[in-house]
Amino acid sequence: MEAEKLKGKILEIVPEAQQEENKQFPTFLIPSGKFKHLATLLKEEKELDFDYLFCLTGVDWGTELGVVYHLTSTSLNHTVELKVKTENRETPEFDTVADLWKTAEFFEREVWDLFGIRFAGHPDMRRIFLEEDWVGFPMRKDYTDEVNIVEL
Amino acid sequence: MKEIINLPVHSIEEEEYHINMGPQHPSTHGVLRLVVTLQGETVKKVQPHCGYIHRGIEKMCEKDTYQQIIHLTDRMDYLSAHINNHAVCLLVEGALEVEVPERVKYIRTIIDELNRIASHQLWWCSFGMDLGGLTCFFYGLRDREHILDIFEESFGSRLLHSYYTPGGLMQDIHPNFQKRTKDFIKYFRKKIKDYDKLLSGNVIFENRSQGIGVMSKEDAINYGVSGPSGRASGWSCDIRKKYPYGVYDKAEFNEILRTDGDTYGRYMVRMDEMRESMKIIEQLIDNIPEGDYTAKMKPIIKLPAGEYYQRVESARGELGIYCISDGNKTPVRMKFRTPSFVNLGVLDKLSRDMKIADLVAIGASLDLVIPDIDR
C-alpha cells in the first residue's frame, strides 16, 4: 500500500494520530489508549496485513518514556513505524501486543527489564536479563549506578 | 521384602518435573539456562533464562562514538562479526549520505560471505556434536581454520575483527587475499561433499531430524524467526535479496527456500547456503575494482538528528539496528534487533510434546549464539 493511502487508513482508524515528517518509514505517534485497537486492525485487516513485527524498541526521550514499533507486511511489502509515549515515569504502562505478534513477548519483557515500562495483558511479565531483585531500570537516562559499572 | 514391592509406585510418566539445562551445558553453546518442564521424557514447557552474559552493549553505545560502537558489535554475534560491523557502517553511511568506493563494497560483500561460511561451518560441527557425531566437530573446525587464517592474514585477528569502519575499511586487503580465497573455495567444494556423506544422508541423523520441531510459515513470521530457520519454513526473508546492500545486487545467487520447516529442513538450508555463498564469492573475487579502500570521512562522526533503521542478513537472520541521534557524536538510543534473541522465542513452541533429546536437536538447528541473545 502506498504511503498516502496508508496514512489515510491509519487516520481513519485513529483520527488523533500525528504523522512525523521526513522519516525513513511512515511514522505515526499514536495516543496510548488507542494503540491496541489500531494494532489489532493493522494485523487483522486483509488490505493492511501487518503480520511481521520486526523491531520493538523501548526509548527514553528524557522526559517521556515510550515504545517504538516497526511493522511490516510480508505479503504486501509496506512498512510502518508506530510510537507510543507517556510522561508517567513512575508507573508507565501500555497494552501488550504479544497476543498479536508472538515475537513481542520477549521484546516486551526486555523493555520492562531495562526501561520499567509494563505491558498490560502480557502472559509473563518478568525481567529477562537482570535478576528479579535488581533495583531500578538501567536503560533510563536518569539511572545512576551505585557501583559505577556502566559509567565508563 | 514383600512390603517394599507393594509400596505405591509414583510413576514418572504422570508427574511433571523440572530440569535445569545449562547455564553450563554443551548443547546450549554458551551460558543459556533452559528450565525444562518434563513429563517422563516428554517436554511440556521450555522457559529460557537469559542474561548470564548480558553486558549492556546498548547502554555502552550511548556513551561511545560510532567508530567505537563497531568494536562492541563484534562481541554480540561473534561468529558473524564482520556482518555486524557492516550493519553499523551502513547505518552511519546511510545517515551521512556517504558514497563508499566500489572496491569497498566488493571487499565487504566477499568477506561477509566468507564469514557466513565460517559461521555455518561452526554451526555444522556443533550440530553434529549435539547429536552425538563427534567427527563432525573435527571436520568442521579443520575447514573453518582455513577461513580464519585468511582473516588473520588480512585483518590481524581471527574472531573479532572490527575491520570495517564507517566509510570503508581499516586497511586494504592483503595481496594474498584473492589467491587464498580462491584456493579455499576449491578446497571446500571437495570437503562439503564429505559433510553430506557424513551427516545429510545418514539414517540415524535423518531419523533424529526429520519431522522434529516443525514450524509453519505463519509461525515463522509471527515469531519473527528470520534467516535460514525462517527460510526452511518457506518464508522468503533474505535481506540480501529484499533490501540489497553491498554488491549483492550484482551477484547471482538463489535464496534457499524449503517447505518442510523441520530440523532437517533448517539443516539443509544452511548446507545449501554455504554453496550459494561460495557462488557469490567466485563471481566477485576476480572483479574487485581498483581504488581507495575508504571514503574521506571526518575524524568525528556526528549523525544528523533523526532516526535510522538499518538491516543486514547475518548468518543467523535479520540483524536490525535502530538508532536515534540528536546530532551529537554519540547516539541517544541504539537498539540491536539481534536474530538469536528473536529466534529463541520459538524454542518453547517447537519443542513442546517432543522428547528431551529432540530439544537438543531443535536448539542446535536454530543456531543460537548466546552473546547475541543477551547483548
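**Close-up 1. Met21 of chain B faces Leu34 across a strand pair.** In this predicted model, Met21(B) sits opposite Leu34(B), which belongs to β2(B). The strands β1(B) and β2(B), the latter spanning residues 33–39, pair in the antiparallel sense through six bridges. Strands here (E, at least two residues) and helices (H or I, at least four) are DSSP runs numbered from the N terminus, and two strands count as paired if DSSP finds at least two bridges between them. As background, strands of a sheet pair through backbone hydrogen bonds, either parallel or antiparallel. Residue numbers start from 1 along each chain as its sequence is written, while chains are lettered from A and ligands numbered from 1 in the order in which they are written. Local features need pLDDT of at least 70 and side-chain atom pairs count only at pLDDT 80 or more, whereas totals for chains, interfaces and linings use all residues; side-chain values use heavy atoms, with hydrogens and water left out.

**Close-up 2. The sheet β1-β2-β3 of chain B is open and antiparallel.** Three strands make up this sheet. β1 (16–21) and β3 of chain B stand at the edges with a single partner strand each, so one side of each has no neighbour in the sheet. From one strand to the next, the twist averages 20°. Helix α15(B), residues 356–366, packs on the sheet and touches β1, β2 and β3 of chain B, its direction making about 45° with that of β3(B). Contact means heavy atoms within 4.5 Å; axes are lines fitted to C-alpha atoms (for helices, over the stretch in contact), and angles run from 0 to 180 degrees between N-to-C directions.

**Close-up 3. A salt bridge links Asp353(B) and Lys44(B).** Their closest N and O atoms are 3.0 Å apart. What does this pair tie together? Asp353(B) lies in the loop between α14 (347–351) and α15 of chain B, and Lys44(B) in strand β3 of chain B, so the pair ties together parts that are 309 residues apart in sequence. A salt bridge means a side-chain nitrogen of Lys or Arg within 4 Å of a carboxyl oxygen of Asp or Glu, and over all chains the count comes to 48.

Close-up 4. β7(B) and β8(B) are joined by five bridges, and Cys323(B) stands opposite Met334(B) in β8(B).

**Close-up 5. Chain B meets chain A.** The contact draws 36 residues from chain B and 42 residues from chain A. Together the two chains bury about 3300 Å², 57% of it on carbon and sulfur atoms; buried area is the accessible area (1.4 Å probe) lost when two parts are put together, summed over both. Five salt bridges are counted between the chains. Lys141(A) forms a salt bridge with Glu62(B), where the closest N and O atoms are 3.1 Å apart. On the side of chain B that touches chain A, β6(B) supplies the largest share, four residues.
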